[in-house]
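Morning, everyone. I'd like to walk you through one model today. Please have the viewer open.

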Amino acid sequence: MAPPPPPPLHPHHHCVLTRFRCPATGTARFLIRLGIKPFCCSSVPSRTPPPLHGPSLRRGRRPLDYPDPFARTFDLAALRVPAAACAPLERRLRGHLLNWPRVHNVIRLRNDQGLLSLSPPPPGYPAEEPGGPAPRATAVLRREKLVRELNARGFLRFPNLARLSRPSPLARKRRERKGDGGDEETCEPDKDKAYVVEVAGERREDDDDWKGLVGEEGIGRDTWRIGSTRLLLLEERYAERKVDELPEAVKDVLDHETQHDESSAFELIRCHLTLFYTYWSMSEVLEVLLPEGVIIPTGFETIGHIAHLNLRDEHMPYKKLIASVVLDKNKPKIQTVVNKTDVIQNNYRTMQLEVLAGNGSLRTMVIESGLRFQVDLGTVYWNSRLATERQRLVNIFRNLDVVCDMFSGVGPLAISAAKKVKYVYANDINPNAVGYLERNMVLNKLEKKIEVFNMDARRFVSAIYSSKHVQPIT
């Protein structure tokens, strides 16, 4: 007798919701969309583009105060915290701080002298009594005290203090050249500066959205701080949020730190992060300069101070522009940028190179496996990408081996093997390569373990096998 069929299942809506009443994660939402069909299909859900992570030249605001055409400004939120509490807060808020490459999430403002008191001290803060101990002095207060008390003779004992307190000769000359405009600040950044952080205006007392101080009553106390402060840059998604819209984890950390130190005060402020040309990588700059649809050349071979490009046909109209960016972004290591104009078709395997930027010198020094090699790319062959293969062969050799290198070039394999094996016979058909091989032998002090030949490889093998020193391996 067949078992009766199971009763029909009529789930209620609350039963279905209870089944998926779990922490809302991306995986759970994904499974619900695939497993359950929508009750009505009249509207199609719109797809929102994924959020952008990290800075980009194609987004951000072009600042008007800087002449750099690659400068981009991003609006961020930051926590102004006492310097003493900066390190523990950075560790506890690490998941909520800015995580952009080459940008520090802890900033010290240039005009922060550590003597700020925007309102009277909080009620619980211990006031200084007439006969009580003096407040703890900061490094800035100690320096100012020494400046007031010491005379010119006393500065002899404190050369660093004299250097800080007196303007340098270069600074005095710079002020004299500026004349009346010496006190005006210029917005032009330093050549090597990658970014700068500026606070967006001064905080007003009636601006309730950005007071955000944590104290005994929680977030919302009046501003009061003394001593040096730091800025902790928050993630970009917190840029437009108010204090009460911050994550609970951030609020809990600030409450805990305030209860631990009642004199601490934390302020939520807006700031502008401006990234300059020095910050952007080579590929990011080329992505903006080249037309849309052109493949961005991101890699090149480095041979000493030479950057060797292999540009495509679509890159030829912009080869000078690409070379100038490669040279500028890789200084001072790269001093010459070349491009291979044709495939290798001669017996000497020399490349036809076109100098695109730099000083035009094709003679360089290459360091590989602790050895130095002089190379002239115009007359000899060199490939830095074979360094791993050459090292693999050297690891196979034994101390009593005799190695014959039929195509030695300038000697990267022969000289590396000579440091390990008993003896090396090196040959190359290119006389220029043989000349550089002999130089590199002397340069690395291995000329007594290498014998050099300049002939065809077939003649070289016959000559070596017919000698008394080397016998063919059968």
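This is a predicted model: local features need pLDDT of at least 70, side-chain atom pairs count only at pLDDT 80 or more; totals for chains, interfaces and linings use all residues.

I'll take the nonpolar cores, then a hairpin, then a sheet with its helices.

Cores, then. The largest nonpolar core has 37 residues. Seven names to pick out have the most contacts inside it: Trp100, Val103, Val197, Leu273, Leu275, Trp280 and Val337. H9 gives the most, with 5 residues.

Where does this core lie relative to the domains? Domain 1 covers 57-110 + 193-198 + 226-280, and domain 2 covers 282-361. Both give residues to the core, so it lies between them.

Zoom in on Leu273. Set aside its neighbours within four places in sequence. Leu273 then contacts Arg72, Thr73, Phe74, Leu76, Leu98, Trp100, Val103, Tyr195, Val196 and Val197. Trp100, Val103 and Val197 are also among the residues with the most contacts inside the core.

There is a second, separate core, of 27 residues. Its members include Ile303, Val366, Leu437 and Ile450.

Val366 takes us to strand E12, residues 363-368. Side chains alternate along E12. Thr364, Val366 and Glu368 point to one face and are buried.

E12 pairs with strand E13, residues 371-376, in the antiparallel sense, over 6 bridges. Ile367 stands opposite Arg372 in E13. The two strands form a hairpin with 2 residues between them. Look at Ser369 in the turn: it has a positive phi of about 55 degrees.

Last stop, the parallel sheet. Here 3 strands form an open sheet, in the order E14-E15-E16. Neighbouring strands are turned by 10 degrees against each other on average, direction ignored. E14 joins E15, residues 423-427, through 4 bridges. Asp405 has Ala426 in E15 as its bridge partner.

Now the helices. H12, residues 431-443, packs on the sheet and touches E15 and E16. Its direction makes about 165 degrees with that of E16. H13, residues 457-466, lies across E14, E15 and E16, running at about 150 degrees to E15.

That's the tour. Thanks.

Note on methods. Residues are numbered from 1 along each chain as its sequence is written. Side-chain values use heavy atoms; hydrogens and water are left out. Two strands pair if DSSP finds at least two bridges between them. Axes are lines fitted to C-alpha atoms, for helices over the stretch in contact, and angles run from 0 to 180 degrees between N-to-C directions. Contact means heavy atoms within 4.5 Å. A nonpolar core is a set of buried Ala, Val, Leu, Ile, Met, Phe, Trp, Tyr and Cys residues joined through side-chain atoms within 4.5 Å. Buried means under 20% relative accessible area, exposed over 50%, partly exposed in between (1.4 Å probe, protein chains only). Domain bounds come from an automatic or database domain assignment.
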